[in-house]
Amino acid sequence: MRKYIKFFMTGGLLILSIGCKKDLSLVNKSAYTYDTYFTSDAAINQAVIATYAGLLHTGLWAREWYYTFDLLGYDAKNNQPLVGDLLQLAQYNFGPDLDIMDENWSSLYQIIARANVVIDRAQNAWKPANATETTDQAQYIGEAKFLRAYAYFQLVNLYGRVPLHTQFIAQPTPAEINLPRSPVADVWALIEKDLQDAEKGLPVTYAAANYGRATQGAAVALLGKSYLYEKKWGQAQTELTKLTQAPFTYALAPVYNNLFDDPNQDSPTLNPETIFQVMNQQWTDWGIGNQYYLFGGQETWGGKATHSDRAQEYGFNDWSNVYITTTAVKAFTYPNPQNPSVNYVDPRAAFTFYGDAASGGQTQYCQQCSTGPVAYPYATKGYMWLKYEYYNKVSTFGGPQSGINGQVIRYADVLLMLAEAYIQQGNTGTQPLALINQVRSRPSVNAPLYTSLGSQTEAMIILMRERQLELTGEQSRYFDLIRWGIAKQTINAERQIEDGTQPFQDKNVLFPIPLAEKNANGTIAKDISGDWN
């Protein structure tokens, strides 16, 4: 997979055509076309890699994904430098004309378009020459179906009913381009089918050169997560349980923060917890451009690098655009599970944020710098992010080119989702208790274990808190609050205490359909209520 992409497929097509009114036109016989280029193992592989590259496009994991869901889930709050679209997100003061919404929608559909090219061409244009290529064919189609399912998973959760583009069409008609919105149930059905197919075609592991590609475990995890979001508790339990058994060998990373501060954490040997992640500078073939491309792409601004800008933009010693919320910080202090009359400060606080000793936050940085540890200046800075930073190694970054990979699904998340599947079925006994305690007993955490989960209501309160503490700053809480049906009361109650506002409105349960899509697709324009969704 470590090969440079020489092309990008706009809208899933690589078509060069020249037309004239007379027969004097010349045809470039060496030009790439959809029916002549995608006919080899190497070409289909490049198309798959280009589909992964969409994950680092604007609106997704290079920059906007972190901001959008950390801010909306109230894990993060704006510092004064935060302006424009991001400030509107922080204040829930946005509409369908917000650029980030359009970028999110467009990039997800670009992944879908590219995946459709892979699926169609791998099945219809490429004839594998041997058994190895036949195995590769199944893998490439599995990867494409996984990525298409991932994109539709995000779309259906964010926008509800959306158009279903499931085929590559070389010369689509206007009607085939401007599809109507499909029922939510139909979107979920496609997601389920794609992931079931992906499970069959994807390998359990890859050789080192291909670390980061979607595995069979990634398809199982996303399918289990999909069932959970659909409230299909029994199916979620069955699917997620697979990941705790052979042939899978996932385990909790012994050192919690190794997941979030090491640019080399893509190796399953070093990090057995990651199930699927968005790769950054370890793979230079997901998207090649200068490190400032997410701000407009001016080539004079910096050298080439694939990256996330989160470390620089969140970093207290760099741009310092956001704080971790006081609400999130306070969640790490709660009644001791083994002695509820005494408050306990969860050790994961020291891996999540910088703060003072009372809060449990990390009080030093630069522990591995040549200068030695430096005291964190919390008295003037407040609570700031440690997760996805590497200030333990450097005092400042110098550019938005973090090589720390973005965790999409990891084993701790799976264990907690599996525990929730049990609890939602009324089982609060030994199985969910053991799963929650397994996450708490990670060697670098060693939090006191629960002796029981109590009633279903009490068990869900414990489960919700565990997900908040374990996954703070991982763009999980917004989706959890939405699917649990408690986003409005939770966000507004927390915001009222912290900044005196109650910004979450009923309409915010879904994102607005982007204005650009409404203007381009008249079928969707007629189907939008209240200029929102």
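## Buried rings and a covered helix

Tyr66 counts as buried because its relative accessibility is 1%. Buried here means under 20% relative accessible area, exposed means over 50%, and partly exposed lies in between (1.4 Å probe, protein chains only).

The model is predicted: local features need pLDDT of at least 70, side-chain atom pairs count only at pLDDT 80 or more, and totals for chains, interfaces and linings use all residues. Residues are numbered from 1 along each chain as its sequence is written, and side-chain values use heavy atoms, with hydrogens and water left out.

**Aromatic pairs**

Rings of Phe, Tyr and Trp (its six-membered ring) pair if their centres lie within 6.5 Å; planes under 30 degrees apart count as stacked, over 60 as edge-to-face and the rest as tilted. By this rule there are 42 aromatic pairs. One of them joins Tyr66 and Tyr388 edge-to-face, at 5.7 Å centre to centre and 70° between the planes. This pair links distant parts of the chain, 322 residues apart: Tyr66 is in helix H3 (residues 64-72), and Tyr388 is in the loop between strand E9 (384-385) and strand E10 (406-410). Helices (H or I, at least four residues) and strands (E, at least two) are DSSP runs, numbered from the N terminus. Tyr388 is buried, with a relative accessible area of 3%.

Tyr365 and Tyr391 also form an edge-to-face pair, 6.2 Å centre to centre with 70° between the planes. This pair too links distant parts of the chain: Tyr365 is in strand E7 (residues 364-365), while Tyr391 is in the loop between E9 and E10, 26 residues apart. Tyr365 and Tyr391 are both buried.

**Charges over rings**

A charge sits over a ring if NZ of Lys or CZ of Arg is within 6 Å of the ring centre and within 35 degrees of the ring normal.

| Charged residue | Ring | Distance to ring centre |
|---|---|---|
| Arg310 | Trp385 | 5.0 Å |
| Lys387 | Phe260 | 4.7 Å |

Lys387 is also a contact of Phe351, along with Tyr256, Asn257, Leu386 and Ser444, not counting residues up to four places away in sequence. Contact means heavy atoms within 4.5 Å. Phe351 lies in the loop between strand E5 (339-345) and strand E6 (353-354). At 18% relative accessibility, Phe351 counts as buried.

**The nonpolar core**

A nonpolar core is a set of buried Ala, Val, Leu, Ile, Met, Phe, Trp, Tyr and Cys residues joined through side-chain atoms within 4.5 Å. The largest one has 156 residues, of which Phe146 and Tyr152 touch the most other members. Helix H6 supplies the largest share of this core, 14 residues. Contacts of Phe146 include Leu195, Leu202, Leu222 and Phe276. Ala198, Ala214, Ala218 and Ala219 are also among them.

Helix H2 (residues 41-53) has 13 residues. H2 reaches 19 Å from its first C-alpha to its last, close to the 18 Å expected at 1.5 Å a residue. That expected span is 1.5 Å times one less than the number of residues. H2 is mostly covered, with 12 of its 13 residues buried. Among them are Asp41, Asn45, Gln46 and Tyr52. The buried residues of H2 pack against helix H1 (34-37), helix H5 (99-124), helix H6 (131-159) and strand E2 (274-278).

Asn437 lies in helix H16 (residues 430-440). Its relative accessibility is 9%, so Asn437 counts as buried. Asn437 touches Leu449 and Tyr450, not counting residues up to four places away in sequence.
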